[in-house]
Amino acid sequence: MEAFRADGHLTNEMLMVLVQSPELLPEELTRLETAEHLAFCDDCLHRYMELLEGGPLLVPARSCEKTLWSHIRIRAIRNAVSRYATAAAAVALALTMLWGSPRMDFTPSLPLPAEERTSVSRQLTGLTGELNDSLRGAVGGISDFLNGFRPVS
Ligand SMILES: [Zn+2]
């Protein structure tokens, strides 16, 4: 089998062997010369690519669809958490502060009597409890929302 034509390009027979059964290539030196020629000759590479288009496509041993869906889901969760968690916490904190304080008095006042100090500390404890509940609700809502991102099987 001739590998090269008189003008120096690969023969059609050689290209067909390369595409259909490369294990039948005659000898090591011919393989090296063929590979080297394909590396620099655009005409022969184009002919080789045209012959490859008609060949069978390879099928992967295992599908990557499920692992891709899990990666996409994890990425979506990370994006949503990084974008919205801080904003949700800030909104929850602001709303809790607004709803938790019935009156805002910015005028300087006298020190509170002892019984009112305990009342203030009780109010602060209640406020942090409400803040915890609000944050827990916001995070639960986000995770419920993200549970919708499941691959269709
Ligand atoms: Zn060539």
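Predicted model: local features only at pLDDT ≥ 70, side-chain atom pairs only at ≥ 80, totals over all residues.

1. As a general point, nonpolar side chains tend to be buried together in soluble globular proteins.

2. Leu-10. Leu-10 counts as buried because it has 23 C-beta neighbours inside 10 Å, where 20 or more are required. Leaving aside residues up to four places away in sequence, Leu-10 touches Ala-3, Phe-4, Leu-15, Thr-34, His-37 and Cys-44. One of these contacts, His-37, is 27 residues from Leu-10 along the chain, and the two C-alpha atoms are separated by 7.9 Å.

3. Helix H2. Residues 28-40 form H2, a helix of 13 residues. From its first C-alpha to its last, H2 reaches 19 Å, close to the expected 18 Å. H2 is hardly covered, with one buried residue among its 13.

4. Pro-56 has its place in the loop between helix H3 (42-53) and helix H4 (65-100). Is Pro-56 buried or exposed? Pro-56 counts as exposed, because it has 5 C-beta neighbours inside 10 Å and the limit for an exposed residue is 12 or fewer. The C-alpha atoms of Pro-56 and Gln-20 are separated by 9.6 Å, although the two residues lie 36 positions apart along the chain.

5. Helix H5. This helix has 33 residues and reaches 48 Å from its first C-alpha to its last, close to the 48 Å expected. The number of buried residues in H5 is zero, so the helix lies largely in the open.

6. Overall architecture. The secondary structure of the protein chain comes to five helices and zero strands. Along the sequence, these elements follow the pattern α-α-α-α-α. The radius of gyration is 36 Å, well over the 15 Å that the globule rule gives for 153 residues, so the chain is more spread out than a compact globule. Its C-alpha atoms fill a box of roughly 110 × 35 × 25 Å along the principal axes.

7. Burial and contacts. Of the 153 residues, 6% count as buried. Among contacts with a separation of 6 or more, residues 24 or more positions apart account for 68%.

8. Domains. The domain assignment gives domain 1 as 12-53 and domain 2 as 65-146. The C-alpha centres of domain 1 and domain 2 lie 67 Å apart.

9. Confidence. The average pLDDT of the protein chain is 83, and 92% of the residues score at least 70. Confidence is highest in H3, at a mean of 91, and lowest in H5 (residues 114-146), at 82.

Definitions and conventions
Residues numbered from 1 in each chain as written. Helix = DSSP H or I, 4+ residues; strand = E, 2+ residues; numbered from the N terminus. Expected span 1.5 Å × (residues − 1). Rg over C-alpha atoms; globule rule 2.2 N^0.38 Å. Contact = placed C-beta atoms within 7 Å. Domains from an automatic or database assignment. pLDDT = per-residue confidence, 0-100.
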